[in-house]
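Let's take a walk through a protein model together. Have the sequence and the 3D view ready, and follow along as we go.

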Amino acid sequence: MLPWLLAFCAGIATAPFGLHAPWMLIAVPAATGLVYYQRRHPVRHPLAAGLFFFCTGYLLYGLALTPAPGEDLRVWAQEGEVLVEAEVLNVGRRDLGKGYVDLLVLSVRKDGLIHETSGRLRLFHEGGEARIFPGDHLRFRARLRQAYNFGTPGEFDYPRYLAARGIWITAYLKSIDEAALLPRAKLDTPRRIAGYWRQQVLVLIDQATPCDTAALLGALLVGEKGAISSTQREVLARGGISHLFSISGLHLGLIGFYAYHLVFFFWRRSELLLLYLPPRRYLPLFLLPVLLAYFLFTGEALPTRRAFAMAAVGAVLWLYSRRTAPLNVLWAAALIFLLFEPLLLFEASFQLSFAGVAGIMLLLPHWSKKVPQQPFLLRWFFLLGLTTLAATLATLPLTLLHFHMLAPAALLTNLLAVPLIGLVAVPLGLAAILLTPWWETGAKTLLALDGLVVQATFDLVAWLVSQPLLAGWRLYPTPREMLGVFLFAAILLLWYRLRPHLRVAVGLCACLLIVLPTSRPAQFEVVALSVGQGDATLLRFVDGRNILVDGGGLRSDTFDVGERLVAPALGYFGVRHLDAVMLTHDHPDHRKGLHFILEQFSVGEFWAPAPLDELDAEFVGILSRRQVPVKFFDLGWTFMTEGAGRELAIFRGDGRDFSLNDQSLVLYAAHGGEAVLLTGDLESLGVAELLLHPFPGPVSLLKLPHHGSGRSNTETLVTVLRPQATFASSGRNNVFGHPAAALVGYLEAVDIPLARTDIEGSLRMRSDGSAWTIQRWERGAFR
C-alpha cells in the first residue's frame with residue numbers, strides 16, 4: 001500500500017508545476033495498459049502500478065481545481081454588484097471580531113433578472129450583531145470576487161485551500177447586518193442539526209467566559225479556531241500545543257475511551273450480551289454513531305475525519321477478528337482520502353495528522369520496550385513523553401515548512417498540558433455540550449469552570465515559553481535546506497528499518513543540504529515581490545549584500561504581509577541578514593509589512609525617510625527594541641561608492657510643502673553598465689524635483705512611480721531616462737486603476753517593456769552588467 005500511496009502523492013505534488021501537460025493524455029492509457037499487461041503475464045513489474053497511480057494523481061489534481069458543471073460562480077466575478085440569495089452552510093470566526101459565512105448560492109439577481117444557480121461562496125464580514133446559524137437563508141448585495149494568489153515564493157495557496165472546500169468565489173460585507181435574514185430551512189439532516197447545535201454552544205461559550213478564554217474554549221470543544229488572536233496563536237505555536245486546540249484524533253480518542261468504559265459498565269451486567277455479543281468485538285462498532293455525531297458537531301475537521309475513518313476500519317476488523325498492521329490501515333486511509341479529495345495533500349492539517357500518527361506507530365513500539373517497569377502513573381508519564389517526542393519528530397519538517405517555527409518547549413508543555421486538557425478540560429466541555437439542549441444554566445456553569453482550566457493551562461504555557469531557551473525560533477529555510485530536514489526526519493522515523501550504511505549515507509546527505517551555506521547570486525538581482533497594492537523590492541548583490549526597500553502592507557489587520565508574503569520570500573532566497581532596510585515613505589502600504597521583518601530578521605541599518613518622531617510610533621518602537629541603527633540622508637543625492645562599476649545612491653528631496661508621496665526616498669543601484677531606479681510613490685511634484693538633480697548615471701530599469709499612477713508625470717521621466725524596461729508594483733484589479741491605462745499605452749507606443757506584479761506575480765530582474773533578464777513567478781518557480 002505504501003508504494004502506491006507515495007506514487008499517488010508524487011503525481012498530485014508534481015501537477016502544480018505543469019498542469020494539463022499534453023504528455024499526460026498518453027501516459028494514463030499507457031499506465032493502464034501496463035497494469036493490465038502485468039496481470040495477464042507471470043512477470044509483474046511494480047513500476048507499472050506506480051506509474052498508474054502517479055498519472056491518476058496528476059490528473060485528479062487538475063479535475064479538483066475545476067468546478068462541477070453548473071457550480072461555477074466565477075462568471076459573476078466581473079459583473080459588478082449582484083443580489084445573492086443563499087443558504088448558510090457554515091459559520092466561522094476570525095480575529096478582532098470578524099468572521100465569515102460559507103454559503104450555498106441559490107440564485108443571483110442582476111439587472112432585474114433572477115438567475116437560478118448553484119455553487120459555494122465564502123462571505124467575509126467585519127462583524128455585526130446578527131446571529132447566523134447553519135440552515136438560515138441570507139439575501140445580500142455585494143461584488144463577487146474570484147480568489148487569486150499574490151504570486152510570491154512561499155506564500156499560502158489560498159485559492160487551492162478554498163477549492164478543497166468546493167468554494168470558487170468570495171464576497172465581502174462591512175457588517176453581517178447588511179444581509180437580510182430569511183426564514184430558516186428545516187433542520188432535516190444530521191449535518192444541519194449538528195451545525196445548528198454547534199453554533200448554540202458557541203453562543204453559550206461567549207456568554208459564560210471572557211473573550212480571550214472563549215476563543216480558546218471554542219477551538220478546544222467545537223473546532224472554531226478562527227477567533228484565536230495572533231498573540232494566542234504565537235504562544236500556542238511556541239509552546240508546541242496548537243494540536244490540543246484543534247479537533248483531532250486526541251479528542252475523538254478521548255470520546256471513544258469515555259464512551260467505551262461507560263457503556264461497558266452496563267454491558268457487563270448482562271450475561272446475555274456477554275455471551276452472544278462479546279464487547280471487545282461488538283462494542284467498538286456500536287460506538288461509531290457516537291463518534292460520528294461528535295465528528296459532525298465539530299465541523300468535520302480533517303484530523304477528526306482521519307481518526308474516525310481509522311476507528312471505523314478498526315471496528316470492522318475487530319468485528320471479524322481480522323489482524324493487520326496498523327500502518328497499513330493508516331496508508332489505506334490516506335490513499336482513500338486523497339482519491340476523493342486530492343487537494344487535501346497540500347493541507348497542513350492532513351499532513352500533520354497523518355505524519356504524527358505515523359511517527360507514533362513507527363517509533364513508540366520500539367521505545368516503549370525500553371521503558372522500565374514502574375508504577376502505573378510514572379509509566380504513563382514516560383509513555384506520554386515518548387509519544388510526544390515521536391509525534392514531534394515526525395511533524396518537525398512540516399511544522400517548519402508551514403509555520404516556520406521550532407518549539408523546544410513542546411516536550412515539557414505537552415507533559416503538563418495534555419493531562420489538564422485531556423483529563424479535565426475535555427470531559428467538562430463534553431458534559432456542558434450534552435447539557436446544552438436541556439439545561440443551559442448548568443451548561444454555562446460547566447463552561448465557566450472549563451474556561452478557568454483552559455486559561456490556567458494557557459497561562460502556564462505562556463510563562464514557560466517566556467523563559468530563556470524555551471521561547472522557540474522562527475526559521476525560514478530554503479527549499480534545499482527543507483529537503484535536508486525532511487531527509488533527516490525520515491532517517492529518525494525509519495531508524496529501526498534502515499541498514500546502518502544507509503543511515504550514514506542518507507544522514508550525511510541531509511547534513512550537507514542543511515549545513516552548506518546558501519550560494520550568492522551570480523548576477524545583480526532586483527526582485528519585485530507581489531504584495532498586492534503596495535511595494536516591496538529586494539536588491540541582491542553579487543557580493544552577498546541584501547537590501548529590502550519597503551515591505552508592503554494591506555488595509556486588513558488580519559493579514560500581515562510581512563509574515564505571510566515577504567518573510568517566506570526572503571527564506572526562499574536564503575536571506576538571513578538584511579544589510580539595510582529602507583522605507584521610502586511612511587504610508588501603510590509600504591511600511592506595515594516591515595514590522596514583522598524587523599522583528600524576525602537581522603538588520604544592519606534602517607534608512608529612514610524622515611525623523612523618527614514623524615514616523616509611526618509602533619514602528620519606531622520596534623526599531624528601538626531591536627536596536628537597529630538608523631541612517632538619515634541629506635538633501636539631494638547621497639553617494640555610497642561600492643567599487644568600479646558598482647554604485648549605490650539615495651535621493652531625498654526638499655519636499656516640506658509636498659505630500660508624503662512626493663517626499664519618498666529614491667534609490668539608484670548600478671552594476672556594470674546597468675542600473676535600476678526605485679522611485680517610491682513620487683507624484684508630479686516629486687518627479688519634477690528629482691529631474692532637477694543630475695542622476696548618478698544611466699538608468700536601464702525603472703520602477704514606475706506610485707505604482708504606475710497617472711498623476712506622477714512618468715512620461716517625462718521615461719523620456720529623460722530612456723530605460724530598457726520598466727516594472728510596476730500594484731494589486732490585482734485595484735480600485736485606483738494602477739498602472740494607469742494611458743501610461744501603459746504610452747510605454748507600448750515608445751516600445752519599452754512593462755512588467756507588472758498585479759498580472760505576472762513576483763518579478764526577478766537579473767543584470768549581468770550588459771542587459772536585464774526578467775523572470776516571472778509561475779507554477780512554483782521563476783521562469
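## Before we start

This is a predicted model, where local features need pLDDT of at least 70, side-chain atom pairs count only at pLDDT 80 or more, and totals for chains, interfaces and linings use all residues. Residues are numbered from 1 along each chain as its sequence is written, and side-chain values use heavy atoms, with hydrogens and water left out.

Helices (H or I, at least four residues) and strands (E, at least two) are DSSP runs, numbered from the N terminus.

## A pocket to look into

Rolling a probe the size of a water molecule over the atoms shows where empty space is left. On a 1 Å grid over the protein atoms alone, a pocket is an open set of points where a 1.4 Å probe fits, with protein on both sides within 12 Å along at least five of seven lines; its lining residues have an atom within 4 Å of a point. The second largest pocket has a volume of about 710 Å³, the volume being the space filled by probe spheres set on the points, which are joined across faces, edges and corners.

Its lining is made of 31 residues, and Arg93, Gly97, Lys98, Arg131 and Asp206 are the ones nearest the centre. At least two lining residues come from each of β1 (81-93), β2 (99-110), α5 (190-208) and α6 (211-222), with α6 giving the largest share, four residues.

## Two nonpolar cores

In soluble globular proteins, nonpolar side chains tend to be buried together. A nonpolar core here is a set of buried Ala, Val, Leu, Ile, Met, Phe, Trp, Tyr and Cys residues joined through side-chain atoms within 4.5 Å. Buried means under 20% relative accessible area, exposed over 50%, and partly exposed in between (1.4 Å probe, protein chains only).

The largest core has 47 residues, and Leu220, Leu221 and Phe245 have the most contacts inside it. There's also a second, separate core of 39 residues, with Phe53, Leu343, Leu345 and Leu386 among them.

Contact means heavy atoms within 4.5 Å. Setting aside neighbours within four places in sequence, Leu220 touches a list of residues including Leu244, Phe245, Tyr294 and Val454.

## Checking a helix

How far apart are the end C-alpha atoms of α12? They are 22 Å apart, which agrees with the 21 Å that its 15 residues (326-340) should span; the expected span is 1.5 Å times one less than the number of residues. Trp331 and Phe337 are among the buried residues of α12.

Most residues other than glycine have a negative phi, and most peptide bonds are trans. Asp111 isn't a glycine, yet has a positive phi of about 55 degrees. Asp111 sits in the loop between β2 and β3 (113-116) and counts as exposed because its relative accessibility is 69%.

Arg722, also not a glycine, has a positive phi of about 50 degrees. Arg722 is partly exposed, with a relative accessible area of 48%. As for peptide bonds, a cis one joins His738 and Pro739, with omega at about -10 degrees.

## One buried methionine

Is Met482 buried or exposed? Met482, in helix α17 (residues 479-493), is buried, since its relative accessible area is 7%. Met482 and Leu400 are 82 residues apart in sequence, and 8.2 Å apart in space, C-alpha to C-alpha.
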